[in-house]
Amino acid sequence: MIITVASTKGGPGKTTLSLCLADHWRRAGRAVEVLDVDPNRNLSQWLKGAKSTIPCTVVDEDDVIDAAAAAEERSEIVVIDVAGALARGLVYAIGVASAVLIPARPDQKDAIEAARTYQHVTTAERQAQRFKSNASIPAAAVLMQVNKRTQAAGFARDQLAAFKVPLLTTEIPLRAAYQNYSFFGMPLDDAAVRSDFAELAEAVEAMTNG
Ligand SMILES: Nc1ncnc2c1ncn2[C@@H]1O[C@H](COP(=O)(O)OP(=O)(O)O)[C@@H](O)[C@H]1O
Ligand SMILES: [Mg+2]
């Protein structure tokens, strides 16, 4: 299966989500690899720095379709991290996905870009339906950096609902462990992060099965 993590916006947590999902599945003994389609190469450089054993391929955006097919031959699970912009890489990565995750912080701009990204998923789905009438690309937003003490997450949920963007009930809290990993360590070394992603990974697998 191919899990594409996409948003037309920079900063909502695409790379964090890609990395943590892949590391969750790696720790669970699943054959997982990642494709880094962001020209900033944040994910691949970070994995190299952390000496991670998760296989990672840097992919030019025009090569996404071929690279995804090759990765799917090698690994049970392929996670694709794309750049935060409306670019060909995002469109292709959505087109090959078994499911699309759209991270959004509790922020109006993130919700608007999540809706815009979701529109690209429904467009890709309609294209696929020209050839297979029941084709579907399940997609959902994931709220990231949720602070339970503030109202913003509620505003973001309402806004996503108004835009008719499906939202996973599993949300990723704001945690120091997610901020610190850019300097040292793996986020999943933290027990709370492991538990966040055990729940999220289950929800993602349910999206692809259901
Ligand atoms: N749940 C979280 N709690 C705290 N900080 C987070 C969380 N998720 C992501 N971050 C931080 O937000 C920043 C942007 O995340 P990143 O995954 O690089 O976004 P993107 O790939 O979408 O640009 C990073 O510094 C990351 O450490
Ligand atoms: Mg990124």
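1. In helix 8, the residues V193, D196, F197, L200, A201 and V204 are buried, where a residue counts as buried if 20 or more other C-beta atoms lie within 10 Å of its own, as exposed if 12 or fewer do, and as partly exposed in between, with C-beta atoms placed from the backbone. Viewed down the axis of helix 8, its buried residues fall within an arc of 130°, so they line one face of the helix; the arc is that of the directions from the helix axis to the C-beta atoms. On the other side of helix 8, A191, S195, E202, A206 and N209 are exposed.

2. The model discussed here is predicted, and local features need pLDDT of at least 70, side-chain atom pairs count only at pLDDT 80 or more, while totals for chains, interfaces and linings use all residues. Residues are numbered from 1 along each chain as its sequence is written, and chains are lettered from A and ligands numbered from 1 in the order in which they are written.

3. Helix 8 covers residues 191-209, and its 19 residues reach 27 Å from the first C-alpha to the last, close to the 27 Å expected at 1.5 Å a residue; the expected span is 1.5 Å times one less than the number of residues. Its buried residues pack against strand 1 (2-5), helix 1 (14-27), strand 5 (99-104) and helix 7 (176-180), a contact being a pair of residues whose C-beta atoms, placed from the backbone, lie within 7 Å.

4. The secondary structure of the protein chain comes to eight helices and six strands, which from the N terminus on run β-α-β-α-β-α-β-α-β-α-β-α-α-α. Helices (H or I, at least four residues) and strands (E, at least two) are DSSP runs, numbered from the N terminus.

5. Buried residues make up 44% of the 210 residues in the protein chain, and the C-alpha atoms fill a box of roughly 45 × 40 × 30 Å, taken along the principal axes. Among contacts between residues at least 6 apart in sequence, 74% join residues at least 24 apart.

6. Helix 1 has 14 residues and reaches 20 Å from its first C-alpha to its last, close to the 20 Å expected at 1.5 Å a residue. This helix is mostly covered, with 12 of its 14 residues buried, among them K14, T15, T16, D23, H24 and W25. Just after helix 1, G29 takes a positive phi of about 85°.

7. Around ligand 1 there are 17 residues, of which G13, K14, T15, T16 and Y178 come nearest; a residue is near a molecule if its C-beta atom, placed from the backbone, lies within 6 Å of it. The elements that give two or more residues to this shell are helix 1 and helix 7, and the largest share, three residues, comes from helix 1. By class, the shell has five nonpolar, 10 polar and two charged residues, with Ala, Val, Leu, Ile, Met, Phe, Trp, Tyr, Cys and Pro counted as nonpolar, Asp, Glu, Lys and Arg as charged, and the others, Gly among them, as polar.

8. R41, in the loop between strand 2 (32-36) and helix 2 (42-49), has a positive phi of about 55° although it is not a glycine, and R41 is partly exposed, with 14 other C-beta atoms within 10 Å. K51, in the loop between helix 2 and strand 3 (56-58), likewise has a positive phi of about 55° without being a glycine, and K51 is exposed, with 7 other C-beta atoms within 10 Å.

Key:
Two residues are in contact if their C-beta atoms, placed from the backbone, lie within 7 Å.
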